[in-house]
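Here's a quick, friendly tour for anyone meeting this structure for the first time.

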Amino acid sequence: MTNRMLRRLFIVLSVVCGVVYLVTARWQPYPGSVIVKGLSVGPLAVLAFVAGSPMLGAALALSTLGDVLLDLDPERLFVFGLGSFLVAHLVYISVFIRNRRRTVPLGASRLVLAGLVLLYSGAVSAWLLPSLGALIVPVAIYMCAITAMVISAILARFSNPWVAVGAILFLISDSLLAVNKFKTPVPYRDFLVWSTYYGGQYGVAIGFLTAKSKSPR
């Protein structure tokens, strides 16, 4: 099996499982739902390892672990899932900083977008913090980490926009999840949270690997 065929196999497996998990949201949890969820982002991690991007693979693998933990028991395992995603964001930050395009100017649009992300994250955090109770410290740390991840993705100046778009979608997904959990019910929560989350992870993974394959060696 060629590398191209293997790449397509992992992408198809990821997309199919991501779509299946989305359309079966109303019946979750059901026997095997945790496997479907794990096989949504998991193949993207394998793809990154195979493509020679172990740090990206580690971030996606940690995200997969967080997905599985939150699917198994979203209440008792919430902090552990949050911790797994926290470490994933720290790894993502390292990946984006190490692979930033130093020769490409930042440009006003990227700086403005980074500023808007900072304002959005600050506003959401300020709204949520009074409702967090005992979880105020871990959630505040997590919000700082994911905000830094998104800003580092924007300022990395990759050759395509998908890494930055994916990171922003990831932030939107986690914001919706947090608002629903700690503040007020979000209409169509399952659809919105999963579609933005999976779209975000897919955009980051495929966008990064595509940019890397086109970068001069």
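Helix α7 gives the largest share of the lining of the largest pocket, with 8 residues. This is a predicted model, so treat what follows as a description of that prediction.

**The largest pocket**

- A total of 30 residues line the largest pocket. If you want to find its centre, look for K37, L70, P74, L177 and V193, which lie nearest to it.
- The elements giving two or more residues to this lining are α3 (54-72), α4 (78-98), α6 (136-155), α7 (162-182) and α8 (189-214).
- What sort of residues make up the lining of the largest pocket? Sorted by class, there are 18 nonpolar, 4 polar and 8 charged residues.

**The second largest pocket**

- Here the lining has 12 residues, and R7, L47, A51, L209 and S213 are the closest to the centre of the second largest pocket.
- At least two lining residues come from each of α1 (3-23), α2 (33-50) and α8.
- Which helix supplies the largest share of the lining of the second largest pocket? That's α8, with 4 residues.
- By class, the lining of the second largest pocket splits into 5 nonpolar, 4 polar and 3 charged residues.

**R157, a charged residue tucked inside**

- You'll find R157 in the loop between α6 and α7.
- Is R157 buried or exposed? Its relative accessibility is 12%, and buried means under 20%, so R157 counts as buried.
- Despite being buried, R157 has no salt bridge. The nearest side chain of opposite charge belongs to D174, and that is 24 Å away.
- What does the side chain of R157 reach at 3.5 Å? It reaches the backbone oxygen of R101.
- A polar atom of the R157 side chain also lies 2.7 Å from the backbone oxygen of V104.
- The backbone of R157 is worth a glance too: phi is near 60°, a positive value in a residue other than glycine.

**Salt bridges**

- How many salt bridges does a search of the whole structure find? There are 3.
- One of them joins R76 and D73, with the closest N and O atoms 2.7 Å apart.
- Another salt bridge brings together the side chains of E75 and K181, at 3.7 Å from N to O. E75 lies in the loop between α3 and α4 while K181 is in helix α7, so this pair ties together parts that are 106 residues apart in sequence.
- As for how open that pair is, E75 counts as exposed at 59% relative accessibility, and K181 as partly exposed at 33%.
- The side chains of D190 and R189 also meet in a salt bridge, at 2.7 Å from N to O. D190 is partly exposed, with a relative accessible area of 34%, and R189 counts as partly exposed too, at 33%.

**Backbone spots to look at**

- The peptide bond from Q28 to P29 is cis, and its omega is near -5°. To locate it, head for the loop between α1 and α2, where P29 lies.
- Y188 has a positive phi, near 55°, in a residue other than glycine. Y188 is found in the loop between α7 and α8.
- Is Y188 buried or exposed? Y188 is exposed, with a relative accessible area of 69%.

- W162 has its place in helix α7. W162 is exposed, with a relative accessible area of 51%.
- How far apart are the C-alpha atoms of W162 and V204? They are separated by 6.3 Å, although the two residues are 42 residues apart along the chain.

How values were computed: Residues numbered from 1 in each chain as written. Predicted model: local features only at pLDDT ≥ 70, side-chain atom pairs only at ≥ 80, totals over all residues. Heavy atoms only, no water. 1 Å grid on protein atoms, 1.4 Å probe; cavity = no way out; pocket = protein on both sides within 12 Å on 5 of 7 lines; lining within 4 Å. Nonpolar A, V, L, I, M, F, W, Y, C, P; charged D, E, K, R; others polar. Buried < 20%, exposed > 50% of the residue type's maximum accessible area, 1.4 Å probe, protein only. Lys, Arg positive; Asp, Glu negative; His and termini not counted. Salt bridge = Lys/Arg side-chain N within 4 Å of Asp/Glu carboxyl O. Polar contact = N/O pair within 3.5 Å; in protein donor to acceptor, adjacent residues only side chain to side chain.
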